[in-house]
Each structure stands twice: as structure tokens, then as C-alpha cells.
Amino acid sequence: MFVHGFPLDHSMWNGQIERLSDRYRVIAPDLRGFGRSGTGEGIVTMAQFADDLAALLDFLGIDEPAALCGLSMGGYIALEFWRWYAERLQGLILCDTRTANDAPETAAGRLAVAEKVLREGSHIVADTMIPRLFSADTLQNQPHLVENIRQIIISTDPRGIAAAARGMARRADFTAELPRIRCPTLLIVGESDVITPAADMQEIAKSVPNAEFKIIPQAGHMAPLEQPEAVNAAIAGFLRRI
Ligand code: MLT
């Protein structure tokens, strides 16, 4: 199951869905408030999103443990899923994400963004995030990817963006929990990720007992989209081993 980042939708995983569907059952939902899922209003916590994923597995009749792969906000949600539903996890893949919660000023900034996006529209998030989401190489050489992501963000309902931003602002700190993650874990990060840098993710990998760590060259925060083949190879190898 693939869990998208903020403020995107399932289509960020198209490169993975195509490649992995021949061998695996792939599920890539739009989170509450994003894509074609109903609007999340007020606040949607990371735990609520994790509950939604568990409910989706129930709805699909999937009781056997699944591999869960989340990017960035999807990673925050995957950690909550681990906290509440560890027995449903066969493996955990954390892409371009972090395990610490927000510093107070970062959390305050998110609440301000939530208000601003409701007043002015989703494009303000696209304008601030796009330059930081991709490597310089992708910004220059893969403009269609960048434009697709811009379109997704500007067509996302501002209420969904605000609700998730508020939820991220109050998310839990998982740093002290990392040694307790027992399921096989793969950490993937773009080498030029400026939002969740590779060095920080390497530190996370050291704290998780059963973790592998993979840096993706020529990629930023959106590594699965920027370099799908390298990310697919890492995921496929991990899935074969678990
Ligand atoms: C994401 O890609 O999901 C966001 O960068 C997460 C965040 O804002 O912390």
C-alpha cells in the first residue's frame, strides 16, 4: 500500500504501480481530503489517516500483513499505522520523510499556511513547495513532472490541505520509538532532498533495528517520481526479501 505525500494524490506513485502490479497487489489510495477522496475538514491527524488506511484494508478484505510505503507525510502516517496496527505490517518503507515532530515555529508556520490556503487558494502551497520538492536536475530536465505536481496541488481542495497541515503540526515525535520497530524497514531518500535530507534519514536508519537504507542519485524529495526505476529496484528487492 502506497501512501502519498502532502498535498498530492495517489498518482505520484504511478511509476511504482505500473512496475509492481505484475507481481503484487498494489493499493494506492487518495487520502482523506486529497485527490478523489472526500474532503477532510477542520483537522485530520496522522492517526486518523492511519485509521482510514486500516479501514480500507478491512473494506478490501485484506487481513494478512501488508507492506506499507509512505512518502514524507505518507511516512508520518505510516509511523502512526505502525503504532496502532503493527501486526498488520509485513514491512515498512519510509521515503523522504522524518520521524521527529515539528519545532514550535514550524508548527505555527503550518497553522498559518492552513489559514492562508483557505483564504487565498491552493496555488499558494504550490508556489512555495514546488521549488523545494525536486532536485535541480529534475526541475531543469523533467518539466512535465513538475507541471503535473503543480496541477495536482492547485486542484486539491484548500480544506483538505488545511486539515492535513493542522494534523501535521500536532503530530507525534517517533524518534524515541524507532528501536521498537521490529518489522523489516527500508528507508529511501533522494540524494538532493532539501526537505528531509539524506543525512537525517541515515540517522533514522541507524536507530531502527532491522533497517536498510538507500540513497537515490539525481533525485530530490520526490524520489519515486523523479527516479522511478532506481526506487522500484530498491522496493522490489526489499519486497522479495521480506
Ligand atoms: C510532504 O512531502 O508530504 C511534505 O513535505 C511533508 C511536510 O510538509 O512535512
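**Pockets and ligand: a working chat**

Modeller: A note to begin with, on a predicted model: by class, the lining of the second largest pocket has 17 nonpolar residues, one polar and two charged.

Colleague: How much space lies in the second largest pocket?

Modeller: About 400 Å³.

Colleague: Which residues lie nearest its centre?

Modeller: Met1, Tyr24, Arg25, Ala66 and Ala67, out of the 20 residues that line the second largest pocket. Two or more lining residues come from each of β2 (66-71), β3 (89-95) and α11 (228-241).

Colleague: And which element gives the most?

Modeller: β2, which puts four residues into the lining of the second largest pocket.

Colleague: Fine. Changing topic: what is the volume of the largest pocket?

Modeller: The largest pocket comes to about 480 Å³. It has 22 lining residues, and Phe6, Arg110, Met129, Arg132 and Ile195 are the closest to its centre.

Colleague: Which elements supply at least two residues of that lining?

Modeller: Four helices do: α3 (73-85), α4 (104-120), α5 (123-133) and α8 (158-169). The most comes from α5, with five residues.

Colleague: Now the ligand. Which pocket is the space it takes?

Modeller: The ligand takes the space of the largest pocket.

Colleague: What lies 2.9 Å from an oxygen atom of the ligand on the Met73 side, backbone or side chain?

Modeller: Backbone: a polar backbone atom of Met73 is 2.9 Å from a ligand oxygen. With His221, a polar side-chain atom sits 2.9 Å from an oxygen atom of the ligand.

Colleague: And Arg98, how far is its polar side-chain atom from a ligand oxygen?

Modeller: That Arg98 atom lies 3.3 Å from an oxygen atom of the ligand.

Colleague: What share of the ligand's accessible area does the protein cover?

Modeller: On its own the ligand has 270 Å² of accessible area, and the protein covers 94% of that.

Notes. Residues are numbered from 1 along each chain as its sequence is written. This is a predicted model: local features need pLDDT of at least 70, side-chain atom pairs count only at pLDDT 80 or more; totals for chains, interfaces and linings use all residues. Side-chain values use heavy atoms; hydrogens and water are left out. On a 1 Å grid over the protein atoms alone, a cavity is a set of points where a 1.4 Å probe fits but cannot get out, and a pocket is an open set with protein on both sides within 12 Å along at least five of seven lines; lining residues have an atom within 4 Å of a point. Grid points are joined across faces, edges and corners, and a volume is the space filled by probe spheres set on the points. Ala, Val, Leu, Ile, Met, Phe, Trp, Tyr, Cys and Pro count as nonpolar, Asp, Glu, Lys and Arg as charged, and the others, Gly among them, as polar. A polar contact is a pair of N or O atoms within 3.5 Å; within protein, one must be able to donate a hydrogen and the other to accept it, and residues adjacent in sequence count only if both atoms are side-chain atoms. Accessible areas come from the Shrake-Rupley method with a 1.4 Å probe; for residues, only the protein chains shown count as cover. A molecule sits in a cavity or pocket if more than half of its atoms lie within 2 Å of its grid points.
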